[in-house]
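This report walks through a two-chain model, from single residues to the interface. Keep the sequence and the structure side by side while reading.

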Amino acid sequence: MRLHILAIAAVFSGLLALVAINQQANAAITITEEKIAKIKNHCTENQATLNRLHQTDAFLRTNRGELYRAISDKLMVPLNRRLASNQLDAGSLLTITADYNKKYRVFFDAYISYDNAMSKLLSIDCSRQPVSFYNGLVEAREQRQLLSASNQAILDLIRSYGSEFELFKNEFEAEA
Amino acid sequence: MIIGVIGISLFLVYVALSLYVSSGTLQLDLSRPGYDSARKEAVKGSEVFKGYSEDGPIDAQSLNEFETLYRQKAAEALIEIDAFSGDVLSDETLSLE
């Protein structure tokens, strides 16, 4: 009897899961006729806009990447080493630097995913495949949000390191 | 012999291209076709930043030097606070609302 109940429960759960998955899949491709018409009407201008954005982002990513690496490799790490070689405790600065490098890796990977999503989106003909185009747009939007979040995390750590350095400097000057 | 050499070259090219794609260099390569404007912008701002020396004593002067350099770079980083914001891909921006 128990086995029967368990089996029925398992089948019921499986069906519920299937319905949920199906609903999600439908949600991803359900686009109103009105939206399809707008995608087709603005196809050329949106393709041009997205192409420009793709180029601007590539420059922005290179620019940001160089700046973020410079902050870590040419400022944070040298200061931490200099403090260590002078037998000064810089534990919190070291922790922030380690977090910063981890977040930079997240940013690095997030940009690759975003760029792949954008390349995929740009390869879709929006006048012939408006639904695929919109799904690609939604995917690119999500990837861009992740990228933006990873970028913000790096900026927060830049602020934290600056504040922590100020604290260290004030303590050092007070002791001197 | 020639076929063997061609085979090895093709294999090495395949390995090189695989590394180019898998390492993420592809996404950062502004020399790709279609990235002319980005390339020109990148050249404009190319200057060498020497950074902070990891050797030397820690005193008020060296800490002030670091502070100046860090503030300069942090200001550059924090100036574009909305980099990669999601608005540019919104339905509204693309006239799809």
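Leu137(A) lies in helix 5 of chain A; helices (H or I, at least four residues) and strands (E, at least two) are DSSP runs, numbered from the N terminus. With 23 C-beta neighbours inside 10 Å, Leu137(A) counts as buried. The terms work as follows: a residue is buried if 20 or more other C-beta atoms lie within 10 Å of its own, exposed if 12 or fewer, and partly exposed in between, with C-beta atoms placed from the backbone. Setting aside neighbours within four places in sequence, Leu137(A) is in contact with Leu121(A) and Leu89(B). Two residues are in contact if their C-beta atoms, placed from the backbone, lie within 7 Å. Leu137(A) and Leu50(A) are 87 residues apart in sequence, yet 9.9 Å apart in space, C-alpha to C-alpha.

The model is predicted: local features need pLDDT of at least 70, side-chain atom pairs count only at pLDDT 80 or more, and totals for chains, interfaces and linings use all residues. Residues are numbered from 1 along each chain as its sequence is written, while chains are lettered from A and ligands numbered from 1 in the order in which they are written.

Ile158(A) is also found in helix 5 of chain A. This residue is buried, with 24 other C-beta atoms within 10 Å. Its contacts, not counting residues up to four places away in sequence, are Ile71(A), Ala74(B), Ala77(B) and Leu78(B).

**Chain A**

Chain A has five helices and zero strands. The order from the N terminus is α-α-α-α-α. Of its 176 residues, 27% are buried. Among contacts between residues at least 6 apart in sequence, 78% join residues at least 24 apart.

Helix 3 of chain A covers residues 43-85. Its 43 residues should span 63 Å at 1.5 Å a residue, and the end C-alpha atoms are 60 Å apart, which agrees. The expected span is 1.5 Å times one less than the number of residues. A kink of about 25° lies at Met76(A), shortly before the proline Pro78(A). That bend is the angle between axes fitted to the seven residues ending there and the seven starting there.

**Two positive phi angles**

Two residues have a positive phi although neither is a glycine: Gln87(A) and Phe84(B). Gln87(A) sits in the loop between helix 3 and helix 4 of chain A. Phe84(B) lies in the segment after helix 4 of chain B. Gln87(A) is exposed, whereas Phe84(B) is buried.

| Residue | Phi | C-beta atoms within 10 Å |
|---|---|---|
| Gln87(A) | about 55° | 7 |
| Phe84(B) | about 65° | 24 |

**The core**

Which residues have the most contacts inside the largest nonpolar core? They are Tyr114(A), Ala140(A) and Tyr161(A), in a core of 37 residues. A nonpolar core is a set of buried Ala, Val, Leu, Ile, Met, Phe, Trp, Tyr and Cys residues joined through C-beta atoms within 7 Å. Both chains take part: helix 3, helix 4 (91-122) and helix 5 (130-175) of chain A and helix 4 of chain B each supply at least two residues. Tyr161(A) touches Met76(A), Leu93(A) and Ile96(A), not counting residues up to four places away in sequence. Met76(A) is also the site of the kink in helix 3 of chain A.

**Chain B and the interface**

Chain B is divided into domain 1 (1-46) and domain 2 (48-82), with bounds from an automatic or database domain assignment. The domain centres, taken over C-alpha atoms, are separated by 34 Å.

At the interface, 38 residues of chain B are in contact with 47 residues of chain A. Helix 2 (25-28), helix 3 (36-44) and helix 4 (60-79) of chain B each supply at least two residues of the side that touches chain A. Helix 4 of chain B gives the most, with eleven residues. By class, this side of chain B has 23 nonpolar, nine polar and six charged residues. Here Ala, Val, Leu, Ile, Met, Phe, Trp, Tyr, Cys and Pro count as nonpolar, Asp, Glu, Lys and Arg as charged, and the others, Gly among them, as polar.
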